[in-house]
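Dear colleague,

Please find below the structure that I am handing over to you. My notes on what was found in it follow directly after it.

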Amino acid sequence: MAHLSDASTGSVPLGTSIPVVRRGSSTPGAPTRGGLADRWGRVATDLRISLLDKCNLRCQYCMPAEGLDWLPRASLMSADEIFRIADVGVRLLGVEEVRFTGGEPLVRADLVDIISRIHRAHPKLPISMTTNGIGLEKKVGALKKAGLSRINVSLDTICPQTFAELTRRDKLAEVLTGVDAAAAAGLHPIKINAVLMPGLNDTQGGELLAWALAGNYQLRFIEQMPLDADHKWTREGTVTAGEIREKLLADVDLAPFERPRGSSPAQLWNVYPKGTFTDTQAALEGSETTDAPALGQVGIIASVTEPFCSACTRTRITADGKIRSCLFSLTETDFLSALRAGITDEDFAQIWRDAMWGKPKAHGKDSAGFESADFQQPARSMSAIGG
């Protein structure tokens with residue numbers, strides 16, 4: 001077995017997958033029992049599983065207009081393999097939540113069966129999904145019945161023209177219908193994930209927030225990260241958390257949410273009608289308060305300018321069965337070969353522990369920041385990793 005400590009020293013080339021067919025000795029220092037701990041004192045309890053890399057949108061911050069070279073079918077995890085990964089994670093490694101991602105998980109024909117099987121085995125396990133909402137209306141009833149707990153919907157604008165330009169598809173009406181159907185089916189809370197892009201939708205955040213508040217949806221603005229397939233991301237072209245707050249303050253007042261953030265990537269803000277506070281900056285800092293009820297909350301995920309890596313609790317599996325200990329990891333550990341070689345659950349769990357023990361401190365390295373000299377963008381884009 002190739003040890004993850006090899007990867008952490010940089011001796012494995014960018015994008016290299018560390019093959020594992022059977023377990024040898026454990027990675028030096030890694031625990032041999034318990035959960036998915038790393039060298040920095042974090043424990044991963046939130047499992048993200050990508051079901052496939054294909055998507056029916058072509059969002060400008062994610063992939064080229066012509067799409068990507070999709071994984072061959074034989075390289076994708078089967079429903080049985082996905083179930084076994086989730087089952088081992090829950091039974092042996094302390095996984096407390098599973099979220100399915102892609103690509104677009106709704107494209108996968110056996111999605112309902114996968115969710116149903118995991119739910120039957122672990123009926124108290126929260127199972128969620130990140131989706132673009134296309135096709136959701138037709139499947140949401142079956143998904144809810146199968147055991148899906150809630151959804152995150154990626155939606156950057158409610159302007160049809162902007163949506164078509166940003167995603168290169170004229171599908172906004174279908175997405176909005178899917179969100180409404182999910183709400184009617186009782187998939188609460190519904191979280192809306194939005195990325196603001198300069199010159200495209202960066203002036204539409206207030207409109208999106210008003211729509212989300214009216215529908216009782218939880219809106220999360222996310223700073224664009226360097227995970228685009230075109231590798232065109234720049235720090236200068238990123239609409240930052242500070243800029244997002246300033247743009248929202250043109251329409252509403254904001255004040256800190258009362259409860260602690262914990263491991264959540266989103267910093268939450270209470271939203272109030274414009275003019276509630278006499279000093280909006282004081283309100284942002286929490287030094288001016290009000291007894292008036294908030295209209296709701298809005299979250300901002302500042303992965304670029306205000307990193308939260310020290311509180312990360314995530315472990316990721318790509319659609320072709322690779323462990324990614326960090327979203328920006330430069331190496332992966334091959335789960336699928338081990339599964340198909342007939343490995344035991346206990347040895348399988350140890351491979352996972354070893355992989356997570358080698359998790360970098362932040363952003364694929366041992367210091368936070370995308371502008372430092374040692375940062376390298378992963379070879380895979382977000383659609384190929386799974387969010």
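Leu200 is placed in the loop that runs between strand 8 (190–194) and helix 7 (205–215); helices (H or I, at least four residues) and strands (E, at least two) are DSSP runs, numbered from the N terminus. With a relative accessibility of 15%, Leu200 counts as buried, a term that stands for under 20% relative accessible area, with exposed meaning over 50% and partly exposed in between (1.4 Å probe, protein chains only). Not counting residues up to four places away in sequence, Leu200 touches Gln60, Thr162, Glu165 and Leu166, where contact means heavy atoms within 4.5 Å. Asp156 is 44 residues away from Leu200 along the chain, and the C-alpha atoms of the two are separated by 9.9 Å.

Please note that this is a predicted model, in which local features need pLDDT of at least 70 and side-chain atom pairs count only at pLDDT 80 or more, whereas totals for chains, interfaces and linings use all residues. Residues are numbered from 1 along each chain as its sequence is written, and side-chain values use heavy atoms, with hydrogens and water left out.

As to confidence, the mean pLDDT (the predictor's confidence in each residue, from 0 to 100) of the protein is 87, and 86% of its residues reach 70 or more. Over residues 1–16 the pLDDT stays under 50, and the model has 39 contacts beyond four places in sequence for this stretch. Residues 18–25 also have a pLDDT below 50, with 29 contacts in the model beyond near neighbours in sequence.

The protein as a whole has 387 residues, of which 56% count as buried. Its secondary structure comes to 12 helices and 15 strands. Of the contacts between residues at least 6 apart in sequence, 74% join residues at least 24 apart.

Trp70 counts as partly exposed because its relative accessibility is 27%. Its contacts, leaving aside neighbours within four places in sequence, are Asp53, Lys54, Cys55, Arg58 and Met63. The C-alpha atoms of Trp70 and Asp53 are 6.5 Å apart in space, while the two residues are 17 apart in sequence.

Two helix pairs follow. How do helix 4 and helix 6 pack? The axes of helix 4 (residues 136–146) and helix 6 (residues 172–185) lie 8 Å apart, at an angle of about 20°; axes are lines fitted to C-alpha atoms, for helices over the stretch in contact, and angles run from 0 to 180 degrees between N-to-C directions. The two helices are therefore roughly parallel to each other (angles under 35 degrees count as roughly parallel, over 145 as roughly antiparallel, 65 to 115 as roughly perpendicular and the rest as oblique). Their crossing is right-handed, a crossing being left-handed if the near helix is turned anticlockwise from the far one by less than a right angle, and right-handed if clockwise. Helix 4 contributes Leu136, Glu137, Val140 and Lys144 to the contact, and helix 6 contributes Thr177, Gly178, Val179, Ala181, Ala182 and Ala185. By class, these residues are six nonpolar, two polar and two charged (Ala, Val, Leu, Ile, Met, Phe, Trp, Tyr, Cys and Pro count as nonpolar, Asp, Glu, Lys and Arg as charged, and the others, Gly among them, as polar).

In the other pair, the axes of helix 2 and helix 3 (residues 111–121) cross at roughly 35° and come within 10 Å. This crossing, too, is right-handed. On the side of helix 2 the contact involves Ala79, Asp80, Ile82, Phe83 and Ala86, which meet Ile114, Arg117, Ile118 and Ala121 of helix 3. The contact of helix 2 with helix 3 has seven nonpolar, no polar and two charged residues.

Finally, some backbone details may be of use to you. The peptide bond from Gly102 to Gly103 is cis, with omega near 15°, and Gly103 lies in the loop between strand 5 (97–101) and helix 3. His188 and Pro189 are likewise joined by a cis peptide bond, with omega about -5°; Pro189 belongs to the loop between helix 6 and strand 8. Arg168 is a residue other than glycine with a positive phi, near 60°, and it is found in the loop between helix 5 (160–167) and helix 6. At 29% relative accessibility, Arg168 counts as partly exposed. Asn216, in the loop between helix 7 and strand 9 (218–222), also has a positive phi near 60°. Asn216 is exposed, with a relative accessible area of 63%.

With kind regards
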